[in-house]
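Welcome! Please take a moment to look over the sequence and the 3D view below before reading on.

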Amino acid sequence: MNEPAYAELVREHGRERVVKAIRTQIAAERQNGANEETRREAVAARLRAEVAPRLRRVINATGVILHTNLGRSPLSRAAIEALSVAAGYSNVELDLETGKRGERASLIEGLLRSLFGGEAALAVNNNAAAVLLALTALAKGKEVVVSRGQLVEIGGSFRMPDVMRLSGARMVEVGTTNRTRASDYEQAISPRTGALLRVHTSNYRVTGFTEAASLAEMASIARKHGIQLIDDLGSGATERVGDEPTVAESVPLSDVVTFSGDKLLGGPQAGIVIGRAEPVRKMARHPLARAVRIDKLTLAALEATLRQRLTGHADVLPVERMLLAPAAEMRRRAAFWAVKLADRGVETELLEDSSAVGGGSLPGHPVPTVLLAVKGPASRLTAALRNGVPPVIARVENDTCCLDPRTVLKGEDEELVDAVEVAAAAVRRR
Ligand SMILES: *Cc1c(COP(=O)(O)O)cnc(C)c1O
């Protein structure tokens, strides 16, 4: 500690942390053999690693637009700017006209209703929270009827039967895995029934001998029996893509519709609730609503995203742009990378393939793309790219390291080419 070589580390990291790092280093040397020559460097590296940012920007070259591991939807420039407004003091719960306390939800309720219709709207932490809140506030202690074909697991621990149990509602399963008819719902209704629930089968597809009651049929049953119809849309498509159900179609039929803010909507992580005034207000007033409320940063980014959609500027949302970009544009970018890399001695070829939307959206709706395949050992190349600066996340197709331009953001092309050059050189050296 008293050697001059450590004085600088003490200034930078504080005495206590340096002492701890030296102890850890000496303990390691006892096991692996001491090397006093390199000890200071090893201690410095330990200290640096401890405070290095863990959350880092990565280049997404997987082609998966809503990649759950990479944060799903990237935000638009306007949404990013809105984050910095909310980072300071803002009128998040102040009505500037009257000077009275305002509702944070009211800042975006109008936008949501203009975009999707409905009598009332609410935004919460994420869609899992929206579903849990809907079931808890509207059906606790009652029965909720759901098709056996829709008992989804979204990932992690979001499994419909578990969410149902947590909410205090009793799940009543009807139909079979592949076929559920309107009459199945009708027959399950009893005086204890509180709601019918439709869950969008976001991340899988049942094909072949299938049948599902339409939302319109479910709505007429719910109305006839005076119970709620809750529709968990998952992704919340704003326009028709493939056969993904859209928000606008669901809102007139359902009492409550829920979907994610960071799937096809292209905004920040959030859960959006739209529906009839009474059930939505009941959800907003429930104590659980406070526990799952949207935070001010998210609210700001969501507001900006919704405004862009409402004013016809959806095409500037990264998710929207990626989804709609034609294969010809992907070919141009991949070819541009290939030429640059050839100049630097890296051999590649172009491959026609498809990008996946991901994030439990549009399964079975691949988007045609053109990949840049990098010659060489795939697993070593992808690892080298992942460990580069910035990390590049590639995908492996047919044992080849491939880069999909679809999800590489504007302005990242040069960085990507540099990263591939560095990774290819590292793999060659080994
Ligand atoms: C994605 C999804 C959820 C969970 O939404 P989060 O915003 O990730 O919490 C719930 N239900 C369905 C049908 C989904 O697709």
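This report goes from the whole protein to its ligand, and then to a few single residues.

## About the model

This is a predicted model, in which local features need pLDDT of at least 70 and side-chain atom pairs count only at pLDDT 80 or more, while totals for chains, interfaces and linings use all residues. Residues are numbered from 1 along each chain as its sequence is written, and side-chain values use heavy atoms, with hydrogens and water left out.

## The whole protein

Along its principal axes, the C-alpha trace of the protein spans about 80 × 50 × 50 Å. The secondary structure comes to 17 helices and 17 strands; these are DSSP runs numbered from the N terminus, with helices (H or I) of at least four residues and strands (E) of at least two. Three domains are given: domain 1 (4–51), domain 2 (59–67 + 321–429) and domain 3 (77–314). Their bounds come from an automatic or database domain assignment. Between the C-alpha centres of domain 1 and domain 2 there are 39 Å.

Of the 430 residues in the protein, 48% are buried. Here buried means under 20% relative accessible area, exposed means over 50%, and partly exposed is in between (1.4 Å probe, protein chains only). The protein exposes about 21500 Å², and carbon and sulfur atoms supply 51% of that area. Accessible areas come from the Shrake-Rupley method with a 1.4 Å probe, and for residues only the protein chains shown count as cover. Among contacts (heavy atoms within 4.5 Å) between residues at least 6 apart in sequence, 73% join residues at least 24 apart.

## Around the ligand

Which residues come nearest to the ligand? Of the 13 residues around the ligand, they are Arg72, Ser202, Asp232, Ser260 and Lys263. A residue counts as near when one of its heavy atoms lies within 4 Å of the molecule or strand in question. The shell divides into 4 nonpolar, 6 polar and 3 charged residues. In this grouping, Ala, Val, Leu, Ile, Met, Phe, Trp, Tyr, Cys and Pro are nonpolar, Asp, Glu, Lys and Arg are charged, and the others, Gly among them, are polar. Helix H6 (127–139) and strand E10 (228–234) each supply at least two residues of this shell.

An N or O atom in the side chain of Arg72 is 2.7 Å from a ligand oxygen atom. For Ala128, a polar backbone atom is 2.8 Å from an oxygen atom of the ligand. For Ser202, a polar side-chain atom lies 2.4 Å from a ligand oxygen atom. Taken alone the ligand exposes 390 Å², of which the protein buries 94%.

## Residues worth a look

Not counting residues up to four places away in sequence, Gln228 touches Gly194, Ala195, Leu196, Ala222, Asp255, Arg276 and Pro279.

Most residues other than glycine have a negative phi, and most peptide bonds are trans. Asn398, which is not a glycine, has a positive phi of about 50°, and Asp399 has a positive phi near 65°. Asn398 sits in the loop between strand E16 (395–397) and strand E17 (400–403), and Asp399 lies in the loop between E16 and E17. Asn398 counts as exposed at 73% relative accessibility, and Asp399 counts as exposed at 67%. A cis peptide bond, with omega about -10°, joins Val389 and Pro390. Pro390 is in the loop between helix H16 (378–386) and strand E15 (392–393).

Conventions. Polar contact = N/O pair within 3.5 Å; in protein donor to acceptor, adjacent residues only side chain to side chain.
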